[in-house]
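Subject: A structure to look through

Dear colleague,

I am passing on a structure, together with some notes on what was found in it. Please keep it open beside you while you read the notes.

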Amino acid sequence: MEGNPVPRIAETKNGILNSIGLQNPGAEHFISNELPFLRQFDTKVIVNICGHTLTQYCSVAEKFADSDVDLIELNISRPNVEEGGLSFGTDPHIVERVVKAVRHYVRQPLIVKLSPEVSDISEIAKAAVSGGADSLSLINTLRGMKIDIRKRKAVLANKIGGYSGSGIMPVALRMVYEVCNSVDVPVIGMGGISTFEDALEFIMAGATAVAVGTANFYNPYATVEIINGIQKYMEENQICSLDEIRGCID
Ligand SMILES: Cc1cc2nc3c(=O)[nH]c(=O)nc-3n(C[C@H](O)[C@H](O)[C@H](O)COP(=O)(O)O)c2cc1C
């Protein structure tokens with residue numbers, strides 16, 4: 001995918017807007033040229049996949065099924081061109097259908113990444129699990145906008161972009177809390193995490209793991225600082241396992 005025209009990133013007071021348009025060199029190129037580089041490191045590799053049609057989702061999933069990738073994450077926040085451009089992730093029936101279809105192809109554990117642009121996130125979470133999701137991750141970005149008042153123009157070439165960073169954290173935390181209380185699969189929480197305190201809030205809301213996106217843009221050490229901060233917090237509070245505090249908000 002070529003991606004969207006530039007500018008694709010705009011800073012806002014409490015986060016960033018992006019309209020990258022999922023620019024990427026394609027599954028085959030990734031598998032032969034980029035995966036070997038990632039495999040040098042002693043860590044798990046998760047590949048985030050998407051499509052514009054059900055057939056595209058399945059064809060990408062099939063390409064990764066036999067690759068040396070540990071987990072597949074299904075991005076269902078993309079517009080479904082066969083259903084009038086509505087996001088795949090907003091209709092529980094379509095969510096269940098796309099997850100079931102992809103599940104058929106992948107042999108790796110399947111994480112389904114949920115869009116926050118829905119009125120009932122629990123209903124979507126349940127549909128993803130009934131389609132065969134082994135885990136859920138949330139939240140993806142919320143659509144937002146920024147205007148340059150001097151130029152009287154939208155800052156992003158695409159006008160509208162995905163909002164991420166600290167401004168979305170309370171929304172993300174609420175949704176992670178709701179999903180953790182509605183399904184039994186592990187949840188990866190994300191949305192605005194930049195410190196160990198933020199990460200612990202997600203764990204206390206019930207998340208099994210957390211992810212950090214936007215904070216890496218201004219602090220490349222963010223993830224290491226978060227891991228160290230959590231370890232120190234556990235030592236100071238005599239916590240042996242995060243299970244002791246996971247989901248403690250009931
Ligand atoms: C520049 C940029 C690119 C992103 N690309 C993807 C993507 O390809 N697939 C996806 O599922 N989410 C994508 N996201 C969403 C993030 O993975 C994450 O869900 C969201 O930004 C919230 O977390 P954060 O506030 O820590 O960034 C992207 C976010 C940003 C900022």
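Helices (H or I, at least four residues) and strands (E, at least two) are DSSP runs, numbered from the N terminus. This is a predicted model, in which local features need pLDDT of at least 70 and side-chain atom pairs count only at pLDDT 80 or more, while totals for chains, interfaces and linings use all residues. Residues are numbered from 1 along each chain as its sequence is written, and side-chain values use heavy atoms, with hydrogens and water left out.

Six strands, in the order S3-S4-S5-S6-S11-S12, form an open sheet with parallel pairing, where two strands pair if DSSP finds at least two bridges between them. Because strand S3 (46-49) and strand S12 (209-210) at the edges each have a single partner strand, one side of each is left without a neighbour in the sheet. Within this sheet, strand S4 (residues 71-75) pairs with strand S5 (residues 110-113) in the parallel sense over four bridges, and Ile72 has Leu110 in S5 as its bridge partner.

Across S4 and S5 lies helix H3 (residues 92-105), which runs at about 155° to S5; axes are lines fitted to C-alpha atoms, for helices over the stretch in contact (heavy atoms within 4.5 Å), and angles run from 0 to 180 degrees between N-to-C directions.

H3 also packs against helix H4 (residues 121-131) at an angle of about 30°, with their axes 7 Å apart. H3 is therefore roughly parallel to H4 (angles under 35 degrees count as such). The residues making this contact include Val95 and Val99 of H3 and Ala127 and Ala128 of H4.

Best wishes

Methods. Parallel < 35°, antiparallel > 145°, perpendicular 65-115°, else oblique.
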